[in-house]
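Okay, thanks for making time, everyone. I'll walk you through one structure today, so let me put it up on the screen.

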Amino acid sequence: AWWLPPEPRAGVDPSTAPRIVVMHGLASNNNHCGVQASCFLLRQMGFGCITPSVRDCGFSGPSTHPDTLSWGYDYHLDLLGAWDYAIADPDGLPG
């Protein structure tokens with residue numbers, strides 16, 4: 001996942017900026033130009049963005065069923081995991 005903090009602004013504490021999870025589409029990953037362009041625009045508006053790759057895509061690890069297309073059956077869990085990480089901030093990175 002990529003953590004992309006909001007653009008620095010005078011008098012604004014980045015740790016209090018709203019955070020958003022930006023997901024990619026099928027057979028893509030978090031480096032896709034659409035994901036990165038969306039994050040660029042959101043960061044300009046003051047959002048911090050986290051962009052995970054769902055299981056079996058990009059640099060994410062393999063699932064228990066890497067050869068079976070699940071059509072999003074378990075992708076919501078990847079999104080919720082990214083959201084939990086962005087909010088809990090266990091490594092002190094997002095803000």
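So, contacts. Take the ones between residues at least 6 apart in sequence: 65% of them join residues at least 24 apart. Keep in mind as we go that this is a predicted model.

How is the protein laid out along the sequence? The pattern reads β-β-α-β-α, which gives you 2 helices and 3 strands. The C-alpha trace spans about 50 × 25 × 20 Å along its principal axes. There are 95 residues, and 33% of them are buried.

Now let's zoom in on a proline. Pro6 sits in the loop between strand E1, residues 2-4, and strand E2, residues 19-21. Is Pro6 buried or exposed? Its relative accessibility is 10%, so Pro6 counts as buried. And which residues does Pro6 touch, if we skip those up to four places away in sequence? That would be Pro14, Ala17, Arg43, Gly46, Phe47 and Gly48. Asn31 is another story: Asn31 is 25 residues from Pro6 along the chain, and their C-alpha atoms are separated by 18 Å.

How many disulfides does a search of the whole structure find? The count is 0. Cys33 is in no disulfide, and the nearest cysteine sulfur, on Cys39, is 12 Å away. Cys33 has a relative accessible area of 60%, so Cys33 is exposed. Then there's Cys49, where the nearest cysteine sulfur is again that of Cys39, this time 3.9 Å away.

Last stop, the surface. Leu77, Leu79 and Leu80 make a nonpolar surface patch of about 250 Å². Leu77 lies in helix H2, which covers residues 75-88. How accessible does Leu77 count as, buried, partly exposed or exposed? With 47% relative accessibility, Leu77 counts as partly exposed.

Methods
Residues numbered from 1 in each chain as written. Predicted model: local features only at pLDDT ≥ 70, side-chain atom pairs only at ≥ 80, totals over all residues. Heavy atoms only, no water. Helix = DSSP H or I, 4+ residues; strand = E, 2+ residues; numbered from the N terminus. Buried < 20%, exposed > 50% of the residue type's maximum accessible area, 1.4 Å probe, protein only. Contact = heavy atoms within 4.5 Å. Disulfide = S-S within 2.5 Å. Patch = residues over 30% accessible without salt bridge, like charges linked within 9 Å, V, L, I, M, F, W, Y side chains within 5 Å. Areas by Shrake-Rupley, 256 points an atom, 1.4 Å probe, with all protein chains shown as cover. Salt bridge = Lys/Arg side-chain N within 4 Å of Asp/Glu carboxyl O.
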